[in-house]
Amino acid sequence: MKKTILALDIYDFKKAQNLVEKTFKYIDVYKVGPILFLQSGKEIIKVINDSGKKVFLDLKFHDIPATVKRSVESARELGVFSLTVHSIGGEEMLKAVSSVENRPKIWAVTVLTSQIATPEEVLRRAKLTKSCGIDGVIASPLEISVIKKGCGSDFDVVTPGIRLAKVEDDQKRVATPETAINAGADFIVVGRPIIEAPDPAEAAKDICEAIEKL
Ligand code: C5P
């Protein structure tokens with residue numbers, strides 16, 4: 001499976017559908033977050049699934065255990081490949097979601113990449129999620145190797161905060177696609193560097209080819 005997940009962080013269903021069509025060759029998993037989900041959740045998930053691609057539903061669930069468990073059951077019915085929960089939901093919540101039968105992959109957010117966190121704090125949260133049966137974590141490029149070392153190579157690390165060149169925006173802990181993959185990321189999540197590029201297909205192709213060469 002290709003390692004770049006494209007974050008469809010846009011409002012417009014038609015634009016999202018168009019991005020899927022344009023980047024189809026280079027992307028296998030599309031991330032649907034609240035921005036698009038609240039506009040056209042079921043329709044865009046159907047478009048992605050019908051085209052043989054996978055959906056990463058990034059709604060970052062964080063609520064009482066019973067509610068989050070039922071949310072995961074609902075997401076399973078939509079046929080998503082993976083979804084996110086917040087690790088700060090705690091042990092009981094994490095165990096409740098990991099116990100859902102035939103569930104999608106669950107990745108936990110350690111600390112948002114727009115916030116500052118020490119690698120120790122991120123690792124502590126990663127280990128907690130692993131002990132609760134969660135499949136992996138979302139973590140910044142700077143923590144990939146520490147998590148792989150501490151949690152083992154089969155514990156997924158999914159990495160946003162990918163930038164092609166030095167740019168100043170809200171992502172505080174960033175790396176290039178090659179650096180993140182070399183450090184051991186199973187998937188990189190890329191949004192604006194592709195969707196805001198003058199030619200999104202070209203940007204997706206460049207990233208895809210750069211990491212396939214490694
Ligand atoms: O546009 P950009 O490439 O920064 O997009 C990164 C994506 O990854 C966004 O959709 C953001 O919500 C998501 N994300 C993140 N940090 C996390 C979890 C998810 O930036 N810890």
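Student: At what angle do helix α1 (residues 13-23) and helix α2 (residues 34-50) pack?
Tutor: This is a predicted model, in which local features need pLDDT of at least 70, side-chain atom pairs count only at pLDDT 80 or more, and totals for chains, interfaces and linings use all residues. Residues are numbered from 1 along each chain as its sequence is written, and side-chain values use heavy atoms, leaving out hydrogens and water. Helices (H or I, at least four residues) and strands (E, at least two) are DSSP runs numbered from the N terminus, while axes are lines fitted to C-alpha atoms, for helices over the stretch in contact, with angles from 0 to 180 degrees between N-to-C directions. The axes of α1 and α2 are 10 Å apart, and the angle is about 35°.

Student: Is the crossing of α1 and α2 left-handed or right-handed?
Tutor: A crossing is left-handed if the near helix is turned anticlockwise from the far one by less than a right angle, and right-handed if clockwise. The way α1 passes α2 is right-handed.

Student: How many nonpolar residues does the contact of α1 with α2 have?
Tutor: Contact means heavy atoms within 4.5 Å. On the α1 side the residues are F13, A16, Q17 and V20, and they meet L36, S40, E43, I44, V47 and I48 of α2. Ala, Val, Leu, Ile, Met, Phe, Trp, Tyr, Cys and Pro count as nonpolar, Asp, Glu, Lys and Arg as charged, and the others, Gly among them, as polar. By class, 2 residues are polar, 1 is charged and the nonpolar count is 7.

Student: Which residue meets D58 in a salt bridge at 2.6 Å, N to O?
Tutor: A salt bridge is a side-chain nitrogen of Lys or Arg within 4 Å of a carboxyl oxygen of Asp or Glu, and by this rule there are 12 in the count. The 2.6 Å pair involves the side chains of D58 and K31. Since D58 lies in strand β3 (residues 54-61) and its partner in strand β2 (residues 29-32), the pair ties together parts 27 residues apart in sequence; that partner is K31.

Student: Is D58 buried or exposed?
Tutor: Buried means under 20% relative accessible area, exposed over 50%, and partly exposed in between (1.4 Å probe, protein chains only). K31 has 9% and is buried. D58 has 5%, so the term for it is buried.

Student: Which residue forms a salt bridge with E77?
Tutor: E77 itself is exposed at 59% relative accessibility. The closest N and O atoms of the pair are 2.8 Å apart, and the partner of E77 is R76.

Student: What is the phi of K60?
Tutor: Most residues other than glycine have a negative phi, and most peptide bonds are trans. K60 is in strand β3 and is partly exposed at 27% relative accessible area. K60 is not a glycine, yet its phi is positive, at about 45°.

Student: Where does N102 lie?
Tutor: N102 is another residue other than glycine with a positive phi, near 45°. At 71% relative accessibility, N102 is exposed. Its place is the loop between α4 (91-98) and β5 (105-109).

Student: In what order do the 8 strands close into a barrel?
Tutor: Two strands pair if DSSP finds at least two bridges between them. Strand β1 (residues 4-7) and strand β8 (residues 187-190) run parallel and are joined by 3 bridges, with L6 partnered by V190 of β8. The pairing in the barrel is parallel, and the order is β1-β2-β3-β4-β5-β6-β7-β8.

Student: Which residue in β7 is the bridge partner of V137?
Tutor: β6 and β7 run parallel, joined by 3 bridges. Both faces of β7 are covered, with D156 and V158 buried on one side and V157 and T159 buried on the other. The partner of V137 is V157.

Student: Which residues is G133 in contact with, leaving aside its neighbours within four places in sequence?
Tutor: G133 lies in the loop between α5 (119-131) and β6 and is partly exposed at 35% relative accessibility. With those neighbours set aside, the contacts of G133 are S98 and R103.
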